[in-house]
Amino acid sequence: MNTGVPEFSQHTPMMQQYLRIKAQHPDMLVFYRMGDFYELFYEDAERAARLLDITLTRRGESAGEPIKMAGVPHHSVDQYLARLVRLGESVAICEQIGDPNASRGPVEREVTRVVTPGTLTDAALLEDKRDNLLLALSPQRGVLGLAWLSLASGRFAVKETAPGNLAAELERLAPAEILVPEDAAPGGLDACAAAVRRLPPWQFERDAAVRALTRQFGTLDLSGFGADGLTAAVCAAGALIEYARSTQGTAIAHVKSFSIDQERAYVRMDPATRRNLELTETIRGESAPTLLSLLDTCATGMGSRLLRHTLHHPLRDRAALAERLEAVAALTGDTGNATYRELQGFLKQCVDVERITARIALKSARPRDLSGLRETLRLLPRLGPALASRASPRLAQLACTLVPRDDLVALLDAAIKPEPASVLREGGVIADAYDAELDELRAIQSNCGEFLVQLEARERLRTGIPNLKVEYNRVHGFYIEVTRAQADNVPGDYRRRQTLKNAERFITPELKAFEDKALSAQERALAREKHLYDKLLDVLAAHLSRLQQVAAALAETDLLTAFAERAATLDYCAPEFTDEPVIEIDAGRHPVVERQVDEFIANGARLSGSRQILIVTGPNMGGKSTYMRQVALIALLAHCGSFVPAKRARLGSIDQIFTRIGAADDLAGGRSTFLVEMTEAAYILHNATPESLVLMDEIGRGTSTLDGLALAWAIARHLAEKNRSLTLFATHYFEMTRLAEDFRQVANVHLDAVEHKDKIVFLHSVEEGPANQSYGLEVAQLAGVPGAVIRAARKRLAELEEHGLAAGPQRDLFVAPRGKNTEEAPPESPALKLLRELDPDALTPKDALELIYRLRRQLDE
């Protein structure tokens, strides 16, 4: 055990206890409870002092050396835990479980819970609007098994995919912590922001996994979940559930099953696409302005988390989309009767039922969690009918789920005070008249003041001391106080308790007997409240499934209400779906950009089997990238079940969205800007299908002009002939517009600009046909490039236009020049001439053999 401390047997008993606990959690910080503080020792203390910016001290001695220590107050531990988990650290919380008065040696302690980045459930440690996922990976024979769990909600899912899809899955799920086997960790995790924990390989064995999962779900096997053939996914799920259970120190009863994530259920997007479309994070890594920040008018954290999940998981199921769109239409109202406003009023009063339910299951729910749950359940009799009043099958189903839960409301009304204390240890949580024993103990405490007043009056009369006082403080308990001048006049049964500068404090047998009774009553009342509270959590745990259903229904209601509010406020329309391979958009707008500018020019788009690729040309800053992104975002929003920013939108089936927009180098990975660009293009060419939507922006710009043009032309041709995807292809290579002459399914559109008084005015409107000018010099002038540079560029541009850019062959730095007469084409090879003239279909085997000999003779000559 490498603890960085002296020999174990030389330590004090308390430090031996600490070291035994630390040995069980060597890779975690151990918060060791001592009185009102959590202390850290030795290497943990140094590490915590550095991470938390707290004081590192040396106190006392153990094994002949000073003990390095750092500590945090127990009442503010949550803020320190939050900072540590954000840094990817894990913490073992070690509590005192023994009675200090009954123990001769160190108070008995044990680790009651482990806090890791992926297993957070406490509200103080979690982000309200983001799921906190724990992910396990199990690579097995060319298949990657994934299992992920939101412990704060109980959602548990598994999937199997190709190892090459790991980056896309990490971008989609954005886990907080990843579990991998020590001996077979998949590559690509180094660049991931999540904390990575390596577990022993035996934890990923199938038999152990099946035992862990069937024990968790209370089933004989996993056949009911459809997971019989998913070996890698089951192995990952088993390791994950055991790890999650070990961190909580209790059963995770709210995790009752897992679902199998089907790849075909969603419109797929690779990591580059999720970043380029700025769904939940800008390219700079900021939370706004993004599609999520625009759409998130949800009233609850549950709704915001579901919205985030929905944007990253657009549905392909037309029936589910139709239900959502119908519900949004019903909530917006067609005659000004907007139900969403009424629903938002209800939802703003709701607490996070999803996370409170998880804390009930984990026995960590706080008193105000339960009072908030009670008030939310009290809203259901009004919320359900408000949903059912609208003509929508989906809203009717939600209304059926949100039926009144009178039994739970009655239970919580009877058990919890209207305004309970924030923490159980303070008391004042359990309602009066809920438990007779507790009421009796409270009566003793509440009658305390009356008894003291009566005692004070009696003692004044008995002693003749008019300024005698009977009081209490936490340090000395109850006492009778008289001035120093009257101290000699007290009766003989007064026993001195404390001497002050100007007063003496005494206690009598009667007051001592009352003190014992009152203080005992307080301790017993707090113990009784804790017992009753734990029993209440056990009763509520029997209703976990019902509470989870209520939470899911509230979250979806909040999502649909936000969609309705955005549709009404931002003038969105309901999209239409068709089986034809088309994207038809009238007056479409970029949902985020239009909120950032004073006036946004709407543009349409037409893509179909006969108009498969649009070559988009126009000036820099003309709006090409915005136009392409808006088409993709409209398609994505439609597949989320949201209305879209357009006058009309008609969409065919879309299985994937690809984008190749912008580029940056990957210095850490040793990849140049151009290599990153080509890698993304290669991924698209290998994976795009006729049902895919592809956005290509200025492909080939990272190399020489002719190389870039050749690549752009070849990539566009491949998309037209092989992939046959619906494609928007933006370029500054005017030669690309000639593709429309060679391929009937290619069309040209452009965004125009005009020059006015030596300035350029961008029109931002999409027109048919190619652009006639790039306006690169004018844009450079707008950017502040010196006038002398602009004038020199104009002169050079005129020379290039006069003589032609390609008057000679493109130079290669690694090949020697061929001589002066480079303009003359070399004579054609006789072998090539022979091959061009022959008809392969007319050759007999003998003729073909003779041809080969002729070609070989020409080669020798």
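Analyst: Start with a definition: two strands pair if DSSP finds at least two bridges between them. Helices (H or I, at least four residues) and strands (E, at least two) are DSSP runs, numbered from the N terminus. The model is predicted, so local features need pLDDT of at least 70, side-chain atom pairs count only at pLDDT 80 or more, and totals for chains, interfaces and linings use all residues. Residues are numbered from 1 along each chain as its sequence is written, and side-chain values use heavy atoms, leaving out hydrogens and water.

Now the sheet. It is open and has four strands, in the order E14-E15-E17-E16. Their pairing is antiparallel. Strand E14 (469-473) and strand E16 (495-499) each have a single partner strand, so one side of each lacks a neighbour in the sheet. From one strand to the next, the twist averages 40°. Angles run from 0 to 180 degrees between N-to-C directions, and axes are lines fitted to C-alpha atoms, for helices over the stretch in contact.

Look at one pair. Five bridges join E14 to strand E15 (residues 477-483), in the antiparallel sense. Tyr472 has Phe478 in E15 as its bridge partner.

Next come the helices. Contact means heavy atoms within 4.5 Å. Helix H17 (residues 448-463) lies across E14 and E15. H17 runs at about 145° to E14. Helix H18 (residues 509-541) also packs on the sheet. H18 touches E14, E15, E16 and strand E17 (503-507). The direction of H18 makes about 145° with that of E15.
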